[in-house]
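Subject: Structure for your review

Dear colleague,

Please find below the structure that I am handing over to you. My findings follow it, arranged by topic.

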Amino acid sequence: MPELPEVEALRVFLDDHLVGKEIARVLPLAISVLKTYDPPLTALEGTAVTSVARHGKFLDIEAGGLHLCTHLARAGWLRWKDSFPAAPPRPGKGPLALRLITVDGDGFDLTEMGTKKRLSVHLVHDPLDVPGIARLGPDPLADAFDRDAFAALLAGERRQIKGALRDQALIAGIGNAYSDEILHVAKMSPFKRTADLGEDDVTRLYTALRTTLQDAVARSSGVEAGKLKAEKKTGMRVHGRTGEACPVCGDTILEVSFSDSSLQYCPTCQTGGRPLADRRLSKFLK
């Protein structure tokens, strides 16, 4: 799933390639993708793109006073193209979900692999009209998101830190992958309770959060949209690296599996050398 660093890189890419251009056509190609119908997508035709913003994991393309807001979900992606075939693609065929073409002939496709279609597109007058954007917590890379602001958010929480980091209503933009990375840098168990965090723990976790995300954004800066997925994978220290050696201590990276996801961690760095038990069968390590 694209998370804050990849979506931010896509924002920068589109800011360079799309802002100032006039939209010729916007074609929805999957029934499931479009979540709003008024105004219609045709309202964008003939308008110029004025800005591209990011709200957590949402992209927001503004044109003609309207906002085309996209969430790529788990298997979605944006693919920039310098040209398109003259004949439009047939709806419902393959991974294509939506196509935007400028009067210059370039533009992008939104694609989604797999059978579970969760990619969403909203066309609204105000981004806050999108429920997923309206519920977002603060952006962790915002200047105002300092250590004290982070501590204040955690003060009212009573749950595992992994889940807290992934909660978009608490902090916007962090998902499964970067929460694994942040916790590895912080040398903290994903199942440690927020209520058990001391002042030093909060400081360490905040520093890990900011540096991990900032480093990921820096690595992605200037990378072409089509290469961002590969860049994300190569930058991971533990996430998606079950069975490999931890780059810090050399211990074997372990995994805990859930019904629809998994997490990875280093036992030496994060849990005092103890493997985490399967959450469905045993108690968590603290």
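**Strands and hairpins**

Strands S3 and S4 run antiparallel and are joined by six bridges. Please keep in mind that the model is a predicted one. Across this pairing, Glu 62 stands opposite His 67 of S4. The hairpin of S3 and S4 has two residues between its strands, and Gly 64 there adopts a positive phi near 60°.

On its other pairing, S3 runs antiparallel to strand S2 (residues 49–55), again with six bridges. Here Arg 54 has Leu 59 in S3 as its bridge partner. In the hairpin formed by S2 and S3, two residues lie between the strands, and Gly 56 takes a positive phi near 60°. Strand S3 itself, residues 58–63, is mostly covered, with five of its six residues buried.

**A covered helix**

How many of the eleven residues of helix H5 are buried? Ten of them are, so this helix (residues 176–186) is largely enclosed by the rest of the structure. Among the buried residues are Tyr 178, Ile 182 and Leu 183. Just after H5, Lys 187 has a positive phi of about 55°.

**Salt bridges**

Side chains of opposite charge can pair when their charged atoms come close. In the whole structure, a search finds 13 salt bridges.

One of them joins the side chains of Arg 135 and Asp 167, at 3.9 Å from N to O. Arg 135 belongs to the loop between helices H2 (131–134) and H3 (147–155), and Asp 167 to the loop between helices H4 (161–166) and H5, so the pair ties together parts that are 32 residues apart in sequence. Arg 135 is partly exposed, with a relative accessible area of 46%.

Arg 147 takes part in a salt bridge with Asp 148, where the closest N and O atoms are 3.9 Å apart. Asp 148 is exposed, at 55% relative accessible area. Arg 147 also forms a salt bridge with Glu 199, with 2.8 Å between the closest N and O atoms. This pair links distant parts of the chain, since Arg 147 is in helix H3 and Glu 199 in helix H6 (residues 199–220), 52 residues apart. Glu 199 counts as exposed, at 57% relative accessibility.

**A charged patch**

On the surface, Arg 74, Lys 116, Arg 118 and Arg 166 gather in a patch of positive charge. Arg 74 sits in the loop between strands S4 (66–71) and S5 (76–81). Arg 74 is partly exposed, with a relative accessible area of 41%.

Yours sincerely

Technical notes:
Residues numbered from 1 in each chain as written. Predicted model: local features only at pLDDT ≥ 70, side-chain atom pairs only at ≥ 80, totals over all residues. Heavy atoms only, no water. Patch = residues over 30% accessible without salt bridge, like charges linked within 9 Å, V, L, I, M, F, W, Y side chains within 5 Å. Areas by Shrake-Rupley, 256 points an atom, 1.4 Å probe, with all protein chains shown as cover. Salt bridge = Lys/Arg side-chain N within 4 Å of Asp/Glu carboxyl O. Lys, Arg positive; Asp, Glu negative; His and termini not counted. Charge placed at Lys NZ, Arg CZ, Asp CG, Glu CD. Helix = DSSP H or I, 4+ residues; strand = E, 2+ residues; numbered from the N terminus. Buried < 20%, exposed > 50% of the residue type's maximum accessible area, 1.4 Å probe, protein only. Pairing = 2+ DSSP bridges.
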